[in-house]
Amino acid sequence: MPNMSPKKNPMPSQAPDVRNKNFLEVATGYTKEVAIDEAQRCLQCKNKPCVGGCPVNIAIPDFIKQVAEGNFSAAYDIINESSSLPAVCGRVCPQETQCESKCVRGIKTEPVGIGRLERFVADWHNAQENIEVKKPESNGHKVAVVGSGPAGLTCAGDLAKKGYEVTVFEALHLAGGVLVYGIPEFRLPKSIVQKEVDTLKALGVKVETNMIIGRVLSIDELMDDMGFEAVFIGSGAGLPRFMKIPGENLNGVFSANEYLTRTNLMKAYREDSSTPIAKSKNVAIVGGGNVAMDAARCAKRLGAENVYIVYRRSEEELPARREEVEHAKEEGIIFKLLNNPVEILPDENGNVAGMKCIKMELGEPDESGRRRPVEVKDSEFVIDVDTVVISIGTSPNPLIKSTTKGLETQKWGGIITDEKGLTSREGVYAGGDAVTGAATVILAMGAGKTAASAIDEYIQSKQ
Ligand code: FAD
Ligand code: SF4
Ligand code: SF4
């Protein structure tokens, strides 16, 4: 008989007024007993609607059945057939719009906590000692992967398991993409990402960091001179957009990317870090997406007294996940909604001394279907801030397109591919944010997987 409790087992978490002063993980994870109890809420539906909500089609009821019976190792093996990053996805997937949105239990009550169970299983697996990774025998074919985010790591892992000699070229000094430089430690501990990278290395994948493809080496050189038979581009969408308002070049104005990179990758929160962003008192984050919530929550943890989210629409239109908005509010982030910045004001030394905003109201829906924000006449006011973080979106960096022969992109920079990830250039595949624009970890992983199987088909077809 399943457990018919209407609510998910709650996720144990640090209290808001404790966690907003540290960078430790907010959610601490299910125990074995709680995981088994939650797994027993699953009805083992024959038509498995939840699986259709998962972009990589994890056999959800099958792994949950194993958890319910306490067979965690078997549960891990089932997840691992479809996902190479379960500890990551169990933490950061927008489950409420994916697998859990299709769960039958969710029609009348709360859905099964699929993401929480996936995280539990992955963490249980990672805590076991002597996990053996067998290095597959080489098939003698070389593939290059550009970028080490979830798309690149997944593609590299899948190809390595088939025996390909894979080299990942990463521009930054650490592998992991947004998982290490964007998503903060308190939502995704970096040790988890490192473990995934170590597993890939144990499979034989070479990871070359500080290698900007398009500067140090080009894709043409990789293919023409270095013997790589195919290339996968998973270079993400890391180029920040700005508002083009006066004052954006002042000291104290950051793109969210730079702000989060300094915090996550350069550890701005540690005493021994030399990055200068830690001294802010009043911080405005411009934007309302998940990236804005992460930046705001980092600013609070870095010691700012007042952190504002400045967003031009209302709470209903905030694009961030509900859970992230709630977490931000609990931690003391102040939401200044229906406000739009028009100018960042300087002090006499060229530092930020305030931000002039104008009030907005919502008009008719625009092409995105959301109500268009319209300025309220003569409603300007100034917020007292010393730091402004712009978080209004990113696009793919044009460097790779401009240095690769015959690579076609959309006007906004996204690389054009077919459904298998093949670009306009033979042997060159792409996936993840570099193709779709900013999206999600699991979609990037799915694209890496699809491309890995297409690359395998392509290379084998040439034999
Ligand atoms: P990325 O993760 O961006 O990785 C691309 C890698 O390529 C980077 O390491 C980059 O340095 C490297 N690179 C770029 N150019 C070159 C070059 N020329 N040569 C070599 N290397 C290069 N998604 C979720 O599902 N859940 C979340 O909670 C979530 N939170 C997010 C929070 C933040 C702050 C951000 C920024 C994004 C978040 N996302 C979230 C989105 C998600 O992280 C991305 O959709 C995903 O990481 C895209 O993966 P990717 O592999 O395509 O690219
Ligand atoms: Fe759900 Fe994401 Fe796990 Fe798929 S990978 S089952 S969408 S949490
Ligand atoms: Fe279990 Fe929900 Fe999937 Fe049904 S839809 S099998 S209850 S997780």
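The shell around ligand 2 divides into eight nonpolar, two polar and one charged residues. This is a predicted model, and its chain is assigned three parts: domain 1 (16–127), domain 2 (142–238 + 395–461) and domain 3 (242–392).

**Ligand 2**
- The shell of ligand 2 includes the cysteines Cys 54, Cys 89, Cys 93 and Cys 99.
- Pro 55, Ile 58, Ile 60 and Ile 442 also surround ligand 2, among the eight residues of the shell that count as nonpolar.
- Gln 95, Gln 98 and Glu 118 are the other residues around ligand 2; by class, these are the two polar and one charged members of the shell.

**Ligand 3**
- Around ligand 3 lie Cys 42, Leu 43, Gln 44, Cys 45, Pro 49, Cys 50, Pro 61, Cys 103, Val 104, Arg 105 and Ile 114.
- Nine residues of this shell are nonpolar, one is polar and one is charged.

**Ligand 1**
- Ligand 1 is surrounded by 33 residues, of which Val 92, Glu 170, Arg 187, Ile 213 and Asp 433 are the closest.
- A nitrogen atom of ligand 1 lies 2.7 Å from a backbone N or O atom of Val 92.
- The side chain of Arg 187 places an N or O atom 2.8 Å from an oxygen atom of ligand 1.
- A polar backbone atom of Thr 440 is 3.3 Å from an oxygen atom of ligand 1.

**Domain 1 against domain 3**
- The centres of domain 1 and domain 3, taken over C-alpha atoms, are 33 Å apart.
- Contact between the two involves 13 residues of domain 1 and eleven residues of domain 3.
- About 1,000 Å² is buried between domain 1 and domain 3, with carbon and sulfur atoms giving 51% of that area.
- Of the area that domain 1 buries against domain 3, 60% is supplied by Arg 19, Asn 20 and Phe 23, more than by any other three residues.
- Seven residue pairs are in polar contact between domain 1 and domain 3, counting pairs with both residues at pLDDT 80 or more.
- On the side of domain 1 that touches domain 3, helix H1 (16–19) and helix H6 (86–92) each supply at least two residues.
- That side of domain 1 consists of six nonpolar, three polar and four charged residues.

**Salt bridges**
- Side chains of opposite charge can pair when their charged atoms come close.
- The whole structure holds 29 salt bridges, and the count between domain 1 and domain 3 is three.
- Arg 321 and Glu 96 form a salt bridge through their side chains, at 2.9 Å from N to O.
- Arg 297 and Glu 324 form another, also at 2.9 Å from N to O.
- Arg 297 is in helix H14 (residues 290–301) and Glu 324 in helix H15 (residues 322–330), so this pair links distant parts of the chain, 27 residues apart.

Definitions and conventions:
Residues are numbered from 1 along each chain as its sequence is written. Chains are lettered from A and ligands numbered from 1 in the order in which they are written. This is a predicted model: local features need pLDDT of at least 70, side-chain atom pairs count only at pLDDT 80 or more; totals for chains, interfaces and linings use all residues. Side-chain values use heavy atoms; hydrogens and water are left out. Domain bounds come from an automatic or database domain assignment. Contact means heavy atoms within 4.5 Å. Buried area is the accessible area (1.4 Å probe) that two parts lose on being put together, summed over both. A salt bridge is a side-chain nitrogen of Lys or Arg within 4 Å of a carboxyl oxygen of Asp or Glu. A polar contact is a pair of N or O atoms within 3.5 Å; within protein, one must be able to donate a hydrogen and the other to accept it, and residues adjacent in sequence count only if both atoms are side-chain atoms. Helices (H or I, at least four residues) and strands (E, at least two) are DSSP runs, numbered from the N terminus. Ala, Val, Leu, Ile, Met, Phe, Trp, Tyr, Cys and Pro count as nonpolar, Asp, Glu, Lys and Arg as charged, and the others, Gly among them, as polar. A residue is near a molecule or strand if one of its heavy atoms lies within 4 Å of it.
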